[in-house]
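Here is a friendly walk through one protein model, meant to be read with the structure open beside you. Take a look first, and then we can start with a single side chain.

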Amino acid sequence: MALIKFALRRNLIYPLQLLLYTFARVVLTWILGHSFEFSASLFFSPLMFLGECSGGAIFYFYHKKFIKKKDEGKESYFMSIKLLRNTEDDDDYFIPLDSNIKILFLIFANAIFDLSEYPILTSLMPKYYKHLSNSFTTRYTGFSTLLTLFFYVYALKLPIYKHHKFSIIIIAICLIIMIIIEYIYHEKNIYFSYKQLTESFIFMVVVETFISLNDSVEKYLFEYDYMNPFLVLMYEGLFGFILSLIYVGASGSFGDVGKVYDKCSGGKFALFLFLLFIYVILSAGKNLFRVVTNKIYSPMTKTLTDYLFNPIYLIYYNSLQDDFKSGGKTNTPYFVLNLILAIIISFFGCVYNEFIILFSFGLGNETHDQISQRSLTNISEELMNISDDEDSHDSSDDNSSSK
């Protein structure tokens with residue numbers, strides 16, 4: 001028997017599309033930063049929320065139209081999500097755990113969690129960026145899985161198994177080693193002390209905490225309050241768009257667009273506006289497949305998409321962004337160690353989410369793939385036993401008749 005197996009499911013298309021939209025938006029952000037010097041701007045936040053709201057609204061109303069076309073009494077699915085009519089006349093009427101006020105409060109809180117990431121990444125962290133590795137925030141996105149696991153177990157009360165625990169331990173060890181490496185290879189200077197490096201880690205963990213809270217609250221709303229994922233996304237986007245407009249206006253970040261206008265010709269500025277429009281579309285796609293992935297799988301599957309491509313990103317940063325420098329030269333051990341650790345984290349992220357199954361030490365026994373196979377085997381055995389019993393009964397009847 002092979003020691004490793006790649007387990008693919010039909011609805012894997014949704015996390016794959018989340019990866020695609022996430023990667024496309026990262027590339028677009030790089031283009032805006034390099035071509036228009038438009039990066040680390042709070043102005044991205046209302047664009048992201050606009051994409052969330054519009055994408056959620058389009059799919060929610062299409063979903064309602066789609067469900068009305070289905071025959072009553074029949075189970076139907078939309079993007080692998082079971083459709084719930086949820087009227088009091090239905091036999092399987094689902095009663096939300098929380099009141100409408102609490103549900104709206106949780107959605108509003110999620111919008112705040114989402115918005116809170118932007119001031120940290122665009123206002124607090126930039127003063128450290130020139131002293132940090134370019135890939136600093138990218139390398140530690142794996143923290144979101146550790147934080148999400150805490151909410152998954154203690155808030156959502158959902159189970160974890162042997163392969164989950166093993167994977168989390170490996171990921172945690174790799175992240176700790178990464179942090180130690182960062183302190184070892186940190187260039188000492190009077191402008192950026194170990195204290196400031198520690199502050200950078202704290203800010204990074206706070207951002208990952210907001211991300212984990214957002215994913216966990218959404219999962220709670222889907223599983224315990226039976227909320228439509230697209231409706232939740234629509235309201236999150238609406239609340240976030242209003243809050244972000246107020247915050248961007250108060251901070252003066254609308255001026256970031258004005259700076260691009262002053263530096264660009266008419267045609268180039270039109271291209272800039274078109275790219276911002278594409279950013280809205282990509283944000284809509286990313287968040288749509290984010291909530292679908294969260295609903296069908298788990299918050300940990302969603303966080304996997306945040307760091308799965310990190311090895312590719314690190315190679316890009318090292319090759320084209322002059323990252324992992326020490327004394328003005330590329331520090332090869334610094335880069336190689338981080339690359340190896342990033343590969344290990346991505347690999348065991350796939351093991352945790354059962355896209356890769358390890359059979360050593362019984363790590364594959366409690367995976368969805370193996371449980372399904374055992375169920376099919378048991379059903380086949382039961383059918384064979386029934387068939388044998390019927391053959392034996394028929395044979396007995398024939399013998400009785402012959403007498």
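Is Asp98 buried or exposed? Asp98 is buried, because its relative accessible area is 12% (buried means under 20%, exposed over 50%, and partly exposed in between, with a 1.4 Å probe and protein chains only).

## About the model

This is a predicted model, in which local features need pLDDT of at least 70 and side-chain atom pairs count only at pLDDT 80 or more, while totals for chains, interfaces and linings use all residues. Residues are numbered from 1 along each chain as its sequence is written, and side-chain values use heavy atoms, with hydrogens and water left out.

The protein chain has a mean pLDDT of 82, with 81% of its residues at 70 or more (pLDDT is the predictor's confidence in each residue, from 0 to 100). Residues 378–383 have pLDDT below 50, and beyond near neighbours in sequence this stretch makes 0 contacts in the model (a contact means heavy atoms within 4.5 Å). Where pLDDT is low, the predicted coordinates should not be read in detail.

## Overall build

The protein chain holds 15 helices and 6 strands (DSSP runs, H or I of at least four residues for helices and E of at least two for strands, numbered from the N terminus). Of its 403 residues, 46% count as buried. Among contacts between residues at least 6 apart in sequence, 80% join residues at least 24 apart.

## Salt bridges

The structure holds 11 salt bridges (a side-chain nitrogen of Lys or Arg within 4 Å of a carboxyl oxygen of Asp or Glu). Asp98 has Lys102 as a partner, at 3.2 Å from N to O; Lys102 is partly exposed, at 38% relative accessible area.

Arg290 and Glu218 also pair, at 2.6 Å from N to O. This pair links distant parts of the chain, with Arg290 in helix H11 (residues 266–296) and Glu218 in helix H8, 72 residues apart. Both ends are buried, Arg290 at 5% and Glu218 at 0%. They belong to a salt-bridge network that includes Glu52, Asp215, Glu236, Lys302 and Asp306.

## Surface and loops

Leu104, Tyr235, Leu238, Ile242 and Ile246 make a nonpolar surface patch of about 430 Å². Patches use residues with over 30% relative accessible area and no salt bridge, joining like charges within 9 Å and nonpolar side chains (Val, Leu, Ile, Met, Phe, Trp, Tyr) within 5 Å; accessible areas come from the Shrake-Rupley method with a 1.4 Å probe, and for residues only the protein chains shown count as cover. Helix H9 (residues 229–251) gives the largest share of the patch, 4 residues.

Most residues other than glycine have a negative phi. What is the phi of Glu37 near? Phi of Glu37 is near 50°, a positive value, and this residue sits in the loop between helix H1 (13–36) and helix H2 (44–68). Tyr226 has a positive phi too, near 55°, and is found in the loop between helix H8 (194–224) and H9.
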